[in-house]
Amino acid sequence: MSINTLVVFAGIVFMIAIIPGPNALLVLFTALTESRALAWSNVLGVSCGFLVHAFVSAHGLSLLLSQSSWAFMLFKYLGVLYLIYLGLSSIRAGWHTRQLVVTESAQDERQTKGERHRPGAEALWRSFSKGFLTNMLNPKIIMFYLSIFPQFVSLDRVVSDSLLLGAIQATVVATWFSVVILMAQRFRTWLSSRRAARVIRYLSGGVFLGFGVKLATTRL
């Protein structure tokens, strides 16, 4: 697997990560309403979810793709179509976007003043479980692994390549979510801005379309 391939994949997962979705909103809300420690527990759970997705999909894909080169090409173009779908959906969402309101409670105000309590092991485990289950039960993540992964993996190294890609995705997403946690107050303002939400969706939509065209014409 070449460096260029890894860079393209990292770029795709980064663009998906910055679009507000269930995982991102869970982390942001936890950082705003509870504590950073619990939010990082969410992130750890989400990251472990990516690794489990990669492990499960790798073993299923390894059997299928090793039997047929046509299956490999089919999944490749399903991935291209999925990227185009993401691009058009993002642009459409940008056109129809509405203001996303993130509420602030009295507990938020106490937290901004530094009055936070150190969470216990049970609270950390609960936050980890929330992040893990939010990721594992997201059908869009399952679709991503089934449609995007095959065009990045080698037929003779499906399992090892899939686990590598899963680790890259977990790292990229965890890094971005860490930035979200550290800048939670600013991101709340950003998410509450209709104009900012519209711009990011237009931008991400264009990038997804570009990735789709590039992957359709590139031999990986």
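A: At 43% relative accessibility, Arg126 counts as partly exposed; buried means under 20% relative accessible area, exposed over 50%, and partly exposed in between, with a 1.4 Å probe and protein chains only. This is a predicted model, in which local features need pLDDT of at least 70 and side-chain atom pairs count only at pLDDT 80 or more, while totals for chains, interfaces and linings use all residues. Residues are numbered from 1 along each chain as its sequence is written, and side-chain values use heavy atoms, with hydrogens and water left out.

The side chain of Arg126 meets the side chain of Glu122 in a salt bridge, at 4.0 Å from N to O. A salt bridge is a side-chain nitrogen of Lys or Arg within 4 Å of a carboxyl oxygen of Asp or Glu. Side chains of opposite charge can pair when their charged atoms come close. A search of the whole structure finds 1 salt bridge. Glu122 is exposed, because its relative accessible area is 63%. Glu122 and Arg126 both belong to helix α6 (residues 121–136) and sit 4 residues apart, about one turn of the helix. Helices (H or I, at least four residues) and strands (E, at least two) are DSSP runs, numbered from the N terminus.

Next comes the packing of α6. Two packed helices are described by the angle between their axes and the distance between the axes. The axes of α6 and helix α2 (residues 22–33) come within 9 Å and cross at roughly 165°. Axes here are lines fitted to C-alpha atoms, for helices over the stretch in contact, and angles run from 0 to 180 degrees between N-to-C directions. The two helices α2 and α6 are therefore roughly antiparallel to each other; angles under 35 degrees count as roughly parallel, over 145 as roughly antiparallel, 65 to 115 as roughly perpendicular, and the rest as oblique. On the α2 side the contact is made by Pro22, Asn23 and Leu26, and on the α6 side by Lys130, Gly131, Thr134 and Asn135. Contact means heavy atoms within 4.5 Å. The crossing of α2 and α6 is right-handed: a crossing is left-handed if the near helix is turned anticlockwise from the far one by less than a right angle, and right-handed if clockwise.

His53 lies in helix α3 (residues 36–67) and counts as buried because its relative accessibility is 8%. Leaving out residues up to four places away in sequence, His53 touches Asn135, Met136, Ile141, Ile142 and Tyr145.

Finally, the wider setting. The secondary structure of the protein comes to 10 helices and 0 strands. Of its 220 residues, 45% count as buried. Among contacts between residues at least 6 apart in sequence, 88% join residues at least 24 apart.
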